[in-house]
Amino acid sequence: VTHSIPACIGNMTINSKQLDNDSPVSIFAVNKCYVTVQEGTFFDGSGFAALVKEGYKVRSDVNITLEFRTTVVQGVLLGVSSAKVDAIGLEIVNGKVLFHVNNGAGRITATYEPRGTNSLCDGKWHKLQANKSKHHISLIIDGNLVQTDNPYIQSTSADTNNPIYVGGYPADVKQNCLTSKSSFHGCLRNLVLTKGQQAELFDFSRAFDLRGVFPHSCPGAEH
């Protein structure tokens, strides 16, 4: 077994002596337990999850679906980039959701602007779907569709080869389709990337790098 147990452990005794959980000698990726917990992965606003170490190839088509819950109006949701300009990015900026794509010829953006500034950052779950099909891009938030025109119709493939960064990214990593450096604070669940008929559900506990991210449990209310 190479990854930790997604659980709460308490009242541990060794040889009848109770261990003091509040002042450990060292601690890594251990969060407090919550009285009410929801399914999902908690991002504490300081880090990111890194998936697909060998690099994810977006190419011509990808469909991304996820659910998010936050009370913060700024934060990176997801980014996949390349050493060149090709990249895709999803982020929340000033309470709007932005989906950026660069197939090599220039960045285009689909922007979902809710009616109320904080209506997406109300601590409730929201469904997001971002679709790139050759040079077409669209964004669906809670069933509301936004599409954008792409002047670069000859350029259809985002030739990415870097990991998928979720909720943020390291300072030394370049992301060509993200404008924000703010790490996401809140919860994410059901991240699926689909290419053609091939759908892949990502389990954050299997990320190759996790910082400030707690898989499998989400505090029932914001802490």
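The second largest pocket has a lining of 14 residues, with Glu39, Thr41, Asn190, Phe202 and His216 nearest its centre. A pocket here is an open set of points on a 1 Å grid over the protein atoms alone, with protein on both sides within 12 Å along at least five of seven lines, and lining residues have an atom within 4 Å of a point. Keep in mind that this is a predicted model, where local features need pLDDT of at least 70, side-chain atom pairs count only at pLDDT 80 or more, and totals for chains, interfaces and linings use all residues. Residues are numbered from 1 along each chain as its sequence is written, and side-chain values use heavy atoms, with hydrogens and water left out.

**The pocket and the cavity**

- The second largest pocket holds about 230 Å³ of space; a volume is the space filled by probe spheres set on the grid points, which are joined across faces, edges and corners.
- Strand 14 (residues 185-195) gives the largest share of that pocket's lining, four residues. Strands are DSSP runs of E with at least two residues, numbered from the N terminus.
- Sorted by class, the lining of the second largest pocket comes to six nonpolar, five polar and three charged residues. Nonpolar covers Ala, Val, Leu, Ile, Met, Phe, Trp, Tyr, Cys and Pro, charged covers Asp, Glu, Lys and Arg, and the others, Gly among them, are polar.
- There is one cavity of 30 Å³ or more in the structure; a cavity is a set of grid points where a 1.4 Å probe fits but cannot get out.
- The largest cavity has about 30 Å³ of space, and its lining is made up of Val101, Asn102, Asn103, Gly106, Ile108, Asn150, Tyr152 and Ser155.

**Salt bridges**

- Side chains of opposite charge can pair when their charged atoms come close.
- The count is three salt bridges, each defined as a side-chain nitrogen of Lys or Arg within 4 Å of a carboxyl oxygen of Asp or Glu.
- Arg189 pairs with Glu67, and their closest N and O atoms are 3.1 Å apart. Arg189 sits in strand 14 and Glu67 in strand 5 (residues 61-70), so this pair ties together parts 122 residues apart in sequence.
- Glu67 is buried at 11% relative accessible area, while Arg189 is partly exposed at 21%. The cut-offs are under 20% for buried, over 50% for exposed and in between for partly exposed, with a 1.4 Å probe and protein chains only.
- Arg206 and Asp203 meet in another salt bridge, at 3.8 Å from N to O. Arg206 is exposed, with a relative accessible area of 58%, and Asp203 is partly exposed at 31%.
- Asp209 and Arg211 also form a salt bridge, with 2.9 Å between the closest N and O atoms; Arg211 is partly exposed at 44% relative accessibility.

- Leu19 is partly exposed, at 37% relative accessible area.

**Positive phi away from glycine**

- Asn15 has a phi near 50 degrees, a positive value in a residue other than glycine. Asn15 is found in the loop between strand 1 (13-14) and strand 2, and is exposed at 74%.
- Val52 isn't a glycine either, yet its phi is positive at about 60 degrees. Val52 is in the loop between strand 4 (41-51) and strand 5, and counts as buried at 18% relative accessibility.

**Two buried strand residues**

- Leu98 belongs to strand 8 (residues 96-102) and is buried at 12% relative accessibility. From Leu98 to Val72 it's 26 residues in sequence and 15 Å in space, C-alpha to C-alpha.
- Phe214 is part of strand 16 (residues 209-214) and is buried at 14%. Phe214 and Tyr169 are separated by 45 residues in sequence and by 16 Å between their C-alpha atoms.
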